Amino acid sequence: MTWLNTRRGFDEIEALGDITCGGVRASNPIFLASGTAGHGAELAPYMPLDKLGGIVVKSLSADAWPGNPAPRVHPTASGMLNSVGLQGDGVPHWTQHDLPVLEAVGATVVASIWGRSVADYARAAELLRPVSARLLAVEVNLSCPNLEGRSAIFAHDADLSAQVLAVVRAELPSSSLWAKLSANTDRIVEIAGSVHAAGADAVTLVNTMLGLMIDTSTRRPVLGNGGGGLSGRAIHPIAVRAIHDIRRAHSELPIVGVGGVSNGDDVIEMMLAGASFVQVGTATFSDPRSGVKILRHASRRARELGVTRWQDLVNAAH
Ligand SMILES: Cc1cc2nc3c(=O)[nH]c(=O)nc-3n(C[C@H](O)[C@H](O)[C@H](O)COP(=O)(O)O)c2cc1C
């Protein structure tokens, strides 16, 4: 594999100024979404990771976790269904082996954490504390079942989500915390307010939507775990709606948009709805250079639309 030409074609990206979100600043709004860009610098052979606003790494738990049985991904009509199941080697392994590699390629890093109990989140955050100054932010993935509470999903419960943010805030007092929410609930606006009050600097909207595909020959689910999470173009309007609704209800809450972003217009649309940063996820599976290509397209489209600063796009649909 060659690393030689990763920068070619990306020199002409329009400069539209830095942009801020949740108390932190990035050189542009484009980030890679958690779980779609690896734990470390796996995508560095394909594109210059330092050109991006940053990379959110796959969600990390305090301890290693094996994930779900194969098959774990399946294409859908306009996206994909996955049940990877948060596989990973845990925070200590990541801080020792993956974070230094990301830093060596000049990437701006956002860590993502998950847990199966409030205490699990606290422990993952505590383990991140020694490296917190090397991270732009910590994203708290709340789309996980709470094993202490009859497997309710944290992100579907305002109180539980607030409890998680409160313990993570206590462990990481100076970090920018992004609470990643789910649109599989009609209470997302209320939940955004409760995580903000509990210490989140921003909300990341949205995680995958619950889905299921059944193989008509075997009469069994196509994924090893049964159901999975739907992502990709199919969910883009759901994400834009969530961003728009939450901006309308919480005018001061910074938003990171994610869901089905596949070109520069999708980025601009999310920013108009209220997002300051925008993450690229499933698009990376069809083209590993998607992140920087979408950045280049978004900056070109912004110029065409007469916009000279990223910041001027944010909330402009309201
Ligand atoms: C294969 C796969 C793995 C994912 N793993 C995670 C994860 O570990 N943590 C997380 O917060 N989100 C995870 N996500 C969700 C994405 O970060 C993103 O929120 C979602 O896919 C919607 O964006 P997209 O349509 O651009 O992919 C994963 C998504 C996919 C497709």
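Which residues of strand E6 (residues 79-82) are buried on one side, and which on the other? The legends below take this up first. This is a predicted model, in which local features need pLDDT of at least 70 and side-chain atom pairs count only at pLDDT 80 or more, while totals for chains, interfaces and linings use all residues. Residues are numbered from 1 along each chain as its sequence is written.

**View 1. Strand E6 is covered on both faces.**
Gly79 and Leu81 lie on one side of E6 and Met80 and Asn82 on the other, and all are buried. Here a residue is buried if 20 or more other C-beta atoms lie within 10 Å of its own, exposed if 12 or fewer, and partly exposed in between, with C-beta atoms placed from the backbone. Strands (E, at least two residues) and helices (H or I, at least four) are DSSP runs, numbered from the N terminus. Strand E5 (residues 73-76) pairs with E6 in the antiparallel sense over 4 bridges; two strands pair if DSSP finds at least two bridges between them. The two form a hairpin with 2 residues between them, and threonine 76 stands opposite glycine 79. E6 also pairs with strand E16 (residues 228-231), again in the antiparallel sense, over 3 bridges. In that pairing, look for asparagine 82 opposite glycine 229.

**View 2. Strand E8 (residues 137-141) has 5 of its 5 residues buried.**
Ala137, Glu139 and Asn141 point one way from E8, and Val138 and Val140 point the other way. E8 pairs in the parallel sense with strand E7 (residues 109-113) over 4 bridges, and valine 110 stands opposite alanine 137. To get from E7 to E8, the chain passes through helix H3 (residues 118-128) in a right-handed β-α-β crossover. Right-handed means that, with the strands pointing away from the viewer, the path from the first strand over the helix to the second runs clockwise. E8 also pairs in the parallel sense with strand E11 (residues 177-181), over 4 bridges. There, asparagine 141 stands opposite lysine 180.

**View 3. Valine 140 belongs to the largest nonpolar core.**
This core has 101 residues, and Ile55, Val140 and Val203 touch the most other members. A nonpolar core is a set of buried Ala, Val, Leu, Ile, Met, Phe, Trp, Tyr and Cys residues joined through C-beta atoms within 7 Å. Not counting residues up to four places away in sequence, valine 140 touches several residues, among them Ile113, Tyr121, Leu177 and Trp178. Contact means that two C-beta atoms, placed from the backbone, lie within 7 Å.

**View 4. Valine 280 sits in strand E18 (residues 277-280).**
Valine 280 counts as buried because 26 other C-beta atoms lie within 10 Å. Its contacts, leaving out residues up to four places away in sequence, include Ile30, Leu32, Val261 and Ile294. The C-alpha atoms of valine 280 and alanine 37 are separated by 9.3 Å, although the two are 243 residues apart along the chain.

**View 5. Glutamine 96 lies in helix H1 (residues 91-97).**
Glutamine 96 counts as exposed because it has 11 C-beta neighbours inside 10 Å. Its C-alpha atom and that of glycine 35, 61 residues apart along the chain, are separated by 19 Å.

**View 6. A shell of 26 residues surrounds the ligand.**
The closest are Ala33, Gly35, Ser231, Gly281 and Thr282. The shell divides into 9 nonpolar, 15 polar and 2 charged residues. Ala, Val, Leu, Ile, Met, Phe, Trp, Tyr, Cys and Pro count as nonpolar, Asp, Glu, Lys and Arg as charged, and the others, Gly among them, as polar.

Note on methods:
Near = placed C-beta within 6 Å.
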